[in-house]
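Below is a short briefing on one protein chain. Look at the sequence and the 3D view before reading the points.

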Amino acid sequence: MLALGRRHGMIAAVRVRGCWTHKIGHMEQLDIKDPTSAVSFDLPRDEGEAGMRGFFFAHPEHGLRGYLNQCTHMALELDMEDGDFFTGDGRYIQCKAHGALFECADGAAAGELSRLIVRWADVATAGPARPYQQLIQLPVSVQNDGSVHLGEDWRDVAENQRREQAERREGHRKRLAGKREGYKQRLKSESEKREEMSRKWEMKRQLMEVDQRFKRKLEHVKKPTW
């Protein structure tokens, strides 16, 4: 049940089943047969607050999904304002700026590029999408009349996700630091072993030289005739 309500920023808020929400679009705006069909919308904002955008789509397997239109790489809009959010086959959400790929189901970093980053994370972290990053998922729902609504608590939901990502980033950083420290310890141990072997070889060489000098001296000693 919908009821007219207050205005929040530039978007009117309505009360649906006891909860304040913002109408952001309608399912009729989507082409259900096209897996790359999505609808952009402006997020509600308070006075003086910078405007942000989101987008929603209906995935054949995962249903209605909504995300903040902001890449995890450089905070740029994913579609570069052309409304195209997906790879050609609709399998991944793709950032137009640098090609970062994200799963449609939960916005997690995906694709060959991110798997490569995960594989080589102990030696390099460069790349558009880190393995611990996800697109900010928005609380969207569809009503009986086909209208799509954004939960008014979307800021809290987004902030919680950012906090979780920060914790994952810190954990990832600590794991990499542990790997680097272990690598340094292995290098140090190997270096110490090489130095020890070098010392042993030097001692052996010196002993061999002493032995040779002693033998040469013995050769000049006159043997007794008795």
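Which residue in strand 7 stands opposite His59? The residue opposite His59 is Gly63.

This is a predicted model, in which local features need pLDDT of at least 70 and side-chain atom pairs count only at pLDDT 80 or more, while totals for chains, interfaces and linings use all residues. Residues are numbered from 1 along each chain as its sequence is written, and side-chain values use heavy atoms, with hydrogens and water left out.

**The chain as a whole**

- The protein chain has two helices and 12 strands; helices (H or I, at least four residues) and strands (E, at least two) are DSSP runs, numbered from the N terminus.
- Along the sequence, the pattern is β-β-β-β-β-β-β-β-β-β-α-β-β-α.
- Of the 226 residues, 32% are buried; buried means under 20% relative accessible area, exposed over 50%, and partly exposed in between (1.4 Å probe, protein chains only).
- The chain exposes about 15100 Å², and carbon and sulfur atoms supply 53% of this area; accessible areas come from the Shrake-Rupley method with a 1.4 Å probe, and for residues only the protein chains shown count as cover.
- Among contacts (heavy atoms within 4.5 Å) with a separation of 6 or more, 51% join residues 24 or more positions apart.

- Strand 6 (residues 53–59) pairs with strand 7 over six bridges in the antiparallel sense.
- Another open sheet of three strands has the order 8-9-10, again with antiparallel pairing.
- Three antiparallel bridges link strand 8 to strand 9 (residues 101–103), and Ile93 stands opposite Phe102 in strand 9.

**Nonpolar cores**

- In soluble globular proteins, nonpolar side chains tend to be buried together.
- The largest nonpolar core has 15 residues, and Ile24, Phe41, Leu43, Phe56, Leu138, Val140 and Leu150 have the most contacts inside it; such a core is a set of buried Ala, Val, Leu, Ile, Met, Phe, Trp, Tyr and Cys residues joined through side-chain atoms within 4.5 Å.
- Two or more residues of this core come from each of strand 5 (39–42), strand 7, strand 12 (147–151) and helix 2 (154–220).
- Apart from this core lies another, of 14 residues, including Phe55, Phe57, Cys71 and Leu135.
- Beyond its neighbours within four places in sequence, Val140 is in contact with Ile24, Leu64, Arg65, Gly66, Val148, His149 and Leu150.

**The loop between strand 7 and strand 8**

- Asn69 is in the loop between strand 7 (63–68) and strand 8 (92–94), and it is buried, with a relative accessible area of 4%.
- The side chains of Asn69 and Asp79 make a polar contact (3.0 Å); this term means a pair of N or O atoms within 3.5 Å, where, within protein, one must be able to donate a hydrogen and the other to accept it, and residues adjacent in sequence count only if both atoms are side-chain atoms.
- Met80 lies in this loop and is partly exposed at 47% relative accessibility; its phi is positive, about 55 degrees, although Met80 is not a glycine.
- Glu81, in the loop between strand 7 and strand 8, is exposed at 71% relative accessibility, and has a positive phi of about 70 degrees.

Methods: Pairing = 2+ DSSP bridges.
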